[in-house]
Amino acid sequence: MSGHGFHVHGPHDHELEHAAHGNDDFASRIAVMTAIMATVGALFGYEGGATQNDAAMFKNEAAIKKTEAANQWNFYQSKSSKQNLAELAMVLPGADAEKYKVKVARYESEKEAIKKDAEKLEAESKEWEEKSENALHQHHRWAQAMTAVQIAISLAAITLLTKKKWLQYASYGVAGIGVALAGLAWFHI
């Protein structure tokens, strides 16, 4: 809160201001490393969002293909019903059996084509499902990498306040884990 020359700062604000005005190499290194980690974290966050969107789009495409396959199976069932009726009509007294034999043969051949289309659409749906699962796995890796970088940034802030060298190394180590996780995401592992 400031007003008329009166300022109230928290302890971390005082440390940051002191580090900015002084020649504190330790604080400068932590500040630069924190900025780098924040930039890297933003890139990881972007990739995580992009792969999450891809997973959703792939899942949507799988649902569309599954619906198209279901429509084909319904069409197949319709042809089967017509074929059954034609087969029944063939045995009715006074019916033109040859006319219905031709219809039965036609329905049988139409069903084969419809069945192939339905099976093809089901296979495409399965492929889109697999793509969605892979993208979702990749998204989880990016999210893990981003979380590690966020933890590293928090450790860097604590390092700046406490001036503990071991915390600096812990921050770098956790950031390294984040980069390793990002590598796994990049290579789809």
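The count of aromatic pairs in this predicted model comes to 3, where rings of Phe, Tyr and Trp (its six-membered ring) pair if their centres lie within 6.5 Å, and where planes under 30 degrees apart count as stacked, over 60 as edge-to-face and the rest as tilted. One of these pairs joins Phe44 and Trp142, whose ring centres are 5.7 Å apart and whose planes meet at 45 degrees, so the pair is tilted. Because Phe44 belongs to helix H2 and Trp142 to helix H3, this pair ties together parts that are 98 residues apart in sequence. Helices (H or I, at least four residues) and strands (E, at least two) are here DSSP runs, numbered from the N terminus. Phe44 has a relative accessible area of 9% and is buried, and Trp142, at 4%, counts as buried too; buried means under 20% relative accessible area, exposed over 50%, and partly exposed in between (1.4 Å probe, protein chains only).

Trp73 and Tyr76 form another aromatic pair, which is edge-to-face, with 5.5 Å from centre to centre and 75 degrees between the planes. Both residues lie in helix H2, 3 residues apart, which is about one turn of the helix. An α-helix has 3.6 residues a turn, so residues three or four places apart point the same way. Trp73 counts as partly exposed at 27% relative accessibility, whereas Tyr76, at 19%, counts as buried.

Residues are numbered from 1 along each chain as its sequence is written. Since the model is predicted, local features need pLDDT of at least 70 and side-chain atom pairs count only at pLDDT 80 or more, while totals for chains, interfaces and linings use all residues, and side-chain values use heavy atoms, with hydrogens and water left out.

Phe44 returns in the largest nonpolar core, a set of 19 residues in which Met37 and Phe44 touch the most other members; such a core consists of buried Ala, Val, Leu, Ile, Met, Phe, Trp, Tyr and Cys residues joined through side-chain atoms within 4.5 Å. Helix H2 (25-90), helix H3 and helix H4 (165-186) each supply at least two residues of this core, and H3 gives the most, with 8 residues. If residues up to four places away in sequence are not counted, Met37 touches Val149, Ala152, Ile153, Ala156, Ser171 and Ala175, contact meaning heavy atoms within 4.5 Å.

Helix H3 also holds Gln138, which counts as buried at 12% relative accessibility. Leaving aside neighbours within four places in sequence, Gln138 is in contact with Thr51, Ala185, Trp186 and His188. As for the length of H3, its 66 residues (97-162) should span 98 Å at 1.5 Å a residue, and its end C-alpha atoms are 96 Å apart, which agrees; the expected span is 1.5 Å times one less than the number of residues. The helix is followed by Lys163, whose phi is positive, near 60 degrees.

Taken as a whole, the protein chain has 4 helices and 2 strands, which follow the pattern β-β-α-α-α-α along the sequence. Of its 189 residues, 26% count as buried. Among contacts between residues at least 6 apart in sequence, 80% join residues at least 24 apart.
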